[in-house]
Amino acid sequence: MQDFEDFVALRSQALLRTAYLLCGGDKGAAEDILQDVLMSMYGKWRRIRSSPEAYARAGLANAAANRWRRRSRKPEAPLELGAVPTARGHEQQVVDADSVVRALAQLPKKMRAVLVLRFFDDLSEAETARALGCGIGTVKSQTSRGLARMRELMGEQVLTWN
Amino acid sequence: MELKQAMEAATAELDVRPGFVGDVMAGGRRMHTRRLVVVTAVVALLAGVTTGVVLTRTPEEPADPRLTAAATGPLAGDAQFIATVQHLWGEGQRDRPWTRDEPVTEVSSKPNVFWTGQTPTGPAALVAQQVQVRTSEHPATLVGLVADGTVVDREVVLSESRDREAGLYRFGPVGDQYVVLTLGRTVSWSQSPKRGTDNRLTRTWASAPHDEDGVVFTVAPVDERPVFVRGDSVPQPGDFTQHAIVSGDLQPDRPFVPHPGLGWNGNFCATDFPERKRSWQGIKLQTAQQDLQKRAVLDYVVSWEAIPHWSVCAWLPDGRYALMFEAYGELYGALYQPDGTFSAPVVGGRATKGDPAVLPLPDGQGTIVADVGATVGPQERAHAWLAPAGTREVTVRQKGVPRVIQLP
């Protein structure tokens with residue numbers, strides 16, 4: 001299992017970042033779901049070792065969705081959900097960084113997952129659809145609506161999309 | 001800002017907690033074993049087999065020899081002292097609840113004193129005790145130091161990851177006494193780093209080879225920045241890349257302790273991002289620290305107060321990228337080429353609380369002036385500004401009050 005341990009050691013930080021965004025900025029929850037997903041991969045390593053990254057990202061997206069489903073009656077506000085600053089002002093990286101997490105936290109879970117997998121993890125529409133277990137059409141529509149919603153929430157801070 | 005760039009900036013400083021990999025491996029093994037046990041039991045039940053079932057288990061790790069080793073050291077034969085240590089050890093477990101890093105579910109054996117020693121402030125002893133933990137199917141070892149009439153510190157050592165044991169205890173009235181376990185390797189220690197005229201640091205190392213006691217005791221004032229490493233050889237004077245042993249009191253043991261130094265927190269930029277670099281994710285503060293350590297410009301980071309959590313970045317006129325930060329009360333800079341390769345270190349002057357941080361850059365690239373919460377320079381840029389080469393003075397406005405700073 002040395003290669004599994006190497007995978008965990010090498011990729012945990014990157015996967016934690018994805019989990020953090022999927023959890024709307026809740027670092028504790030992100031670490032918890034990442035640990036759960038990686039632990040569940042231990043016994044399946046032989047089967048999934050050819051594409052562990054994809055398996056992990058799909059697992060994180062599902063774990064984050066289930067987590068929100070369980071807690072749906074009590075919406076969370078991991079970061080202060082005050083007014084999102086819209087002034088670009090002095091190019092404050094910190095303001096931009098915090099506000100994108102705040103804005104993501106306000107999106108529905110699937111919409112958030114689509115944006116994170118598409119724009120943070122650079123997955124294609126087909127890969128995103130596979131990871132989330134939905135159709136490509138759903139990914140396209142969620143992407144379009146998600147970007148529009150992010151523009152509403154972040155104002156001028158969101159300038160372009162790659 | 002592009003969405004990807006904003007997401008990367010929001011997660012740039014994130015990293016998993018220490019011990020995360022070990023926790024995943026231990027948890028994965030435990031979960032896998034549990035599944036095998038359940039599957040085996042179900043198969044046995046279906047087959048009507050009630051006896052002779054051999055459950056698959058991961059191999060047992062050998063027991064930690066410290067759990068049964070005879071005590072060594074000058075007080076090893078002092079039965080009253082041994083009993084006192086065991087009593088204090090038990091009291092410590094009652095009085096001090098387990099922390100998140102101590103996933104103990106059951107204390108399953110009598111504590112064993114395996115080392116005793118005399119220190120300037122009285123006798124000390126190392127104790128080992130077998131415990132069950134929720135992160136492993138195997139028993140773990142709880143190791144700790146009793147000194148000054150109390151349990152100084154303790155550490156849970158998982159049987160799967162004994163090589164990750166810190167084995168370093170700091171104690172004494174002013175925290176200048178150290179007990180370090182050699183753990184079968186050579187322990188080296190050093191204090192009072194010296195900076196040469198070329199700005200490079202050197203350290204003189206003392207060492208203790210693995211002996212039959214397996215324990216090093218030394219006294220080193222905290223303000224002399226003692227550093228301990230465990231390895232197969234003694235570090236070279238200019239080597240600042242070894243893995244330093246860090247004691248459990250790396251962080252303050254109480255909340256809301258203000259950080260020393262300038263007291264700033266956050267990542268700021270003294271210039272706008274160039275258009276062509278909008279999706280560039282920047283250089284992490286930790287990377288810049290390591291790059292300076294590789295060049296013997298920055299000392300070992302072994303304490304919470306060594307590196308405050310702020311940085312100021314800047315895109316320079318010649319296309320390079322600079323990151324400025326504070327360490328041990330001094331200002332540092334690291335310069336990078338546009339492709340992210342390291343270019344040059346910068347050693348600035350003292351960082352004085354209440355004063356703006358000023359870092360002159362080499363090659364006529366200007367001077368970074370930063371004062372978090374203030375506006376800086378003629379454009380009244382928030383927090384930081386890259387003053388062009390030749391600028392003699394800069395106005396900094398903290399809460400609207402102007403202050404003119406002379407640049408070197």
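This is a predicted model: local features need pLDDT of at least 70, side-chain atom pairs count only at pLDDT 80 or more; totals for chains, interfaces and linings use all residues.
## Helices, strands and the model

Helices are DSSP runs of H or I at least four residues long, strands are DSSP runs of E with at least two, and both are numbered from the N terminus.

Residues are numbered from 1 along each chain as its sequence is written, chains are lettered from A and ligands numbered from 1 in the order in which they are written, and side-chain values use heavy atoms, with hydrogens and water left out.

## Chain A: helices throughout

Chain A has 8 helices and 0 strands, so its pattern along the sequence reads α-α-α-α-α-α-α-α. Of its 162 residues, 51% count as buried; buried means under 20% relative accessible area, exposed means over 50%, and partly exposed lies in between, with a 1.4 Å probe and protein chains only. A:M154 is one of the buried residues, at 2% relative accessibility. Which residue lies 54 residues from A:M154 in sequence and 7.2 Å from it in space? That residue is A:V100, with the distance taken from C-alpha to C-alpha.

A contact means heavy atoms within 4.5 Å. Among the contacts in chain A between residues at least 6 apart in sequence, 62% join residues at least 24 apart. Chain A exposes about 7,700 Å², and carbon and sulfur atoms supply 48% of this area. Such areas come from the Shrake-Rupley method with a 1.4 Å probe, and for residues only the protein chains shown count as cover.

## Chain B: helices and strands together

Chain B contains 4 helices and 23 strands. Buried residues make up 51% of its 408 residues. For contacts in chain B between residues at least 6 apart in sequence, 58% link residues at least 24 apart. The accessible surface of chain B is about 19,400 Å², with 53% belonging to carbon and sulfur atoms.

One residue to look up in helix 4 (residues 285-294) of chain B is B:D291. Is B:D291 buried or exposed? B:D291 is buried, with a relative accessible area of 9%. Leaving aside neighbours within four places in sequence, B:D291 is in contact with B:Y336 and B:F342.

## An open sheet and a hairpin

Strands of a sheet pair through backbone hydrogen bonds, either parallel or antiparallel. Here, two strands pair if DSSP finds at least two bridges between them. In chain B, 3 strands form an open sheet in the order 11-8-13, with antiparallel pairing. Its edge strands, strand 11 (205-208) and strand 13 (227-231), each pair on one side only. Strand 8 (residues 186-190) and strand 11 of chain B pair over 4 bridges in the antiparallel sense, and B:V187 stands opposite B:A208 of strand 11.

Strand 20 (residues 367-376) and strand 21 of chain B also pair in the antiparallel sense, over 6 bridges. In strand 21, B:A382 is the bridge partner of B:T375. These two strands form a hairpin with 4 residues between them, and B:G377 in the turn has a positive phi of about 85 degrees. Because 7 of the 7 residues of strand 21 (residues 381-387) of chain B are buried, this strand is largely enclosed by the rest of the structure.

Most residues other than glycine have a negative phi. B:E380 is not a glycine, yet has a positive phi of about 50 degrees. B:E380 sits in the loop between strand 20 and strand 21 of chain B, and is partly exposed, with a relative accessible area of 36%.

B:D148 is not a glycine either, and its phi is positive at about 55 degrees. Look for B:D148 in the loop between strand 4 (140-147) and strand 5 (150-157) of chain B. B:D148 is partly exposed, with a relative accessible area of 36%.

## Where the chains meet

Helix 6 (residues 109-120) of chain A packs against helix 1 (residues 3-11) of chain B at an angle of about 95 degrees, with the axes 9 Å apart. That makes helix 6 of chain A roughly perpendicular to helix 1 of chain B. Axes are lines fitted to C-alpha atoms, for helices over the stretch in contact, and angles run from 0 to 180 degrees between N-to-C directions. Angles under 35 degrees count as roughly parallel, over 145 as roughly antiparallel, 65 to 115 as roughly perpendicular and the rest as oblique.

The contact is made by A:L115, A:V116, A:F119 and A:F120 on the helix of chain A, and by B:L3, B:K4, B:M7, B:E8 and B:T11 on the helix of chain B.
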